2 protein chains.
Amino acid sequence: MATFTVTYLLISHDEMDIDEKIEQVCLEQSAELPRSVLAREIIDGVVGRPVNREQLAHDRYEVTIEWPLANIGNDIAQFLNLLYGNISLQPGIRIIQVDWLSLTDLFGGPKFGIEGIRNQYEIHRRPLSATALKPLGSSPEKLADLAQQFASGGIDIIKDDHGLTDQKYAPFEDRLKSCINRIDRVSQATGQKTYYFPNITAEAHEVEERYQRAAALGADGVLVCPHIMGLPTLHRLACRSEKLPVMAHPAFSGSLTMNENQGFTPAFLYGQLWRALGADFVIYPNAGGRFSYNLPTCRAINNAARSLEVPFKSSWPTPAGGISVEKVSRWRNEYGIDTCLLIGGSMYGHPEGLTAAAQEFSNQLEA
Amino acid sequence: MATFTVTYLLISHDEMDIDEKIEQVCLEQSAELPRSVLAREIIDGVVGRPVNREQLAHDRYEVTIEWPLANIGNDIAQFLNLLYGNISLQPGIRIIQVDWLSLTDLFGGPKFGIEGIRNQYEIHRRPLSATALKPLGSSPEKLADLAQQFASGGIDIIKDDHGLTDQKYAPFEDRLKSCINRIDRVSQATGQKTYYFPNITAEAHEVEERYQRAAALGADGVLVCPHIMGLPTLHRLACRSEKLPVMAHPAFSGSLTMNENQGFTPAFLYGQLWRALGADFVIYPNAGGRFSYNLPTCRAINNAARSLEVPFKSSWPTPAGGISVEKVSRWRNEYGIDTCLLIGGSMYGHPEGLTAAAQEFSNQLEA
């Protein structure tokens, strides 16, 4: 029987010892009935089976459970349900790892990944630089002005703020046309290409329409918030034939990772699940900023996104928030060259303006 | 300027007093830049503005912030982003309430709601009974057998287990045809109608195909997991022209509600947001079962789902898990008649079989 495994952190508690906790997960995520009422073939063919257990502390265990692939029916939505459907409603269960090697028929990973982007961009020995067009409320012309300044300073990737959708003050098509046009002009003048990733987050059908429209208008990639549009839609985009890399943004995902005894580890969510679903770039909140991860957590995300043990192309770890222009070399040294550094706010406050800020950012990448 | 408000529980902490915390939310969910770099028209027209603050305890405040409607651009995905996008990644922020009256152009609420279903089903003075077909691994014939027994016992609504999608052992169409056929036969024999809600959870495009297919095959409603397929897709289903009520299942949603200092209150998520998005039935984990909510939380969900202060049709609170057949009258008395009681496991273990269990369940509703 074809199977795959999921590894959990399980926390036992007064009402439930570790054996009961394991049994609970094995049944809850499959038959959803007490073992006593199940036929033998359901127990053998459907219910999860613990295959490894390691005690980490008094009440904490790392437990691996093996699941029949047949339960998923080759369906990403049902994979997510089996992974963390009902057990999301029970305390003391955290997802650490999935055995992706058994899931390569279901997941395809990034279409480009680190190597594909490097080859396309012809940038081989340094991190990538990225920034965001904002704020909400700006007109397409204003956003295009910003894009022009960033491009003039040599930024590799300019993404929309993930809140820019199709508001009246900056309609989707107008915004894309203005920004693409202005960035192209700079690229032609300087000979250095800057890539534009508009935000296409919306209801899933609209996402695909905007994806096609972005491709037709000449965008270089797209930005999406998987936890708003739905995780399976990320995979669907990565499977499309258009050649637009996908950058994933963590909006709305925080609750899944911020409780140490529940949800997903950040490394699993951003570095592994998003990678399996096809994100070429995985944005995560960097240490030291206005968000909540510490440095070891960020390193773990980077490692997961690049790990060679995962049977998909690598994703670009894209730390954001908490990186100031002056500290780019620090982060480059900290995280290594296979990183896309995303700086927004700190450039907007630069005393010499956006182009100078972008130049300072770019210069530190080469060092 | 047209606006709407969101009310938050904010927890101040060592690094950030309550004024800073409020300022953080106002900026993070709009301009995403420091106030110092923003133009006057952005501050006036885009940034959130606190309009009320109440101290609940030493470090806990209930704070209401007013937002420009223009920031949403009539887009449910962008509403979700403004509601809880980046701040999901920051600790000590919990969503309590939204001023739905200002959002009736964006949200439509349930198509049927409590009254619509009562009129259609001609059931006016009692709660509804619901159960689930399971386990995974059963053939369409086996599931149809179960459906027949439940229908013979007088259950109002039979839903699929939310893990039944399109697995080889029970393909979507075969399952629907078998179950619909068998339930219809019982209804014709007894003169009492039982309604079948197949699970259509999948990637968003597939959801709509299955919705149409379910309608064409004669299903009476659909079951979806909004947090797997994507919340905006729930709204899209509720706006379709087919007359299928939508039942929403909480799989994958737990992390949003289970930390008291973060995410959404269960009453807000299940009773308000799902209702605004169009769920006719909102399934939530009942107190006393294998999940984590207590009785006051469940009552708060019920009240939110039925509240007349919300400008949408009411949703059926559908407590599930933790209800045994013997205790149906207790829960009917506890929650009142505008409740759909969902019992799965306890009926499967009934010593006299499913039909007897279903009869016992049904009888207690009338009492």
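Leaving aside neighbours within four places in sequence, which residues is G109(A) in contact with? Before I answer, a word on the basis: this is a predicted model, in which local features need pLDDT of at least 70 and side-chain atom pairs count only at pLDDT 80 or more, whereas totals for chains, interfaces and linings use all residues. Residues are numbered from 1 along each chain as its sequence is written, chains are lettered from A and ligands numbered from 1 in the order in which they are written, and side-chain values use heavy atoms, with hydrogens and water left out.

To the question, then: with contact meaning heavy atoms within 4.5 Å, G109(A) touches A238(A), R275(A), A276(A), G278(A) and F312(A). G109(A) sits in the loop between β4 (93-98) and α4 of chain A, helices being DSSP runs of H or I of at least four residues and strands runs of E of at least two, numbered from the N terminus. G109(A) counts as buried because its relative accessibility is 7%, where buried means under 20% relative accessible area, exposed over 50% and partly exposed in between, with a 1.4 Å probe and protein chains only.

Turning to helix α4(A), residues 113-121, the buried residues are G113(A), I114(A), I117(A), R118(A) and Y121(A). These cover an arc of only 165 degrees around the axis, so they lie on the same side of α4(A), the arc being that of the directions from the helix axis to the C-beta atoms. Their cover includes β5 (128-133), β11 (281-285) and α11 (295-306) of chain A, among others. After α4(A) comes E122(A), with a positive phi near 55 degrees.
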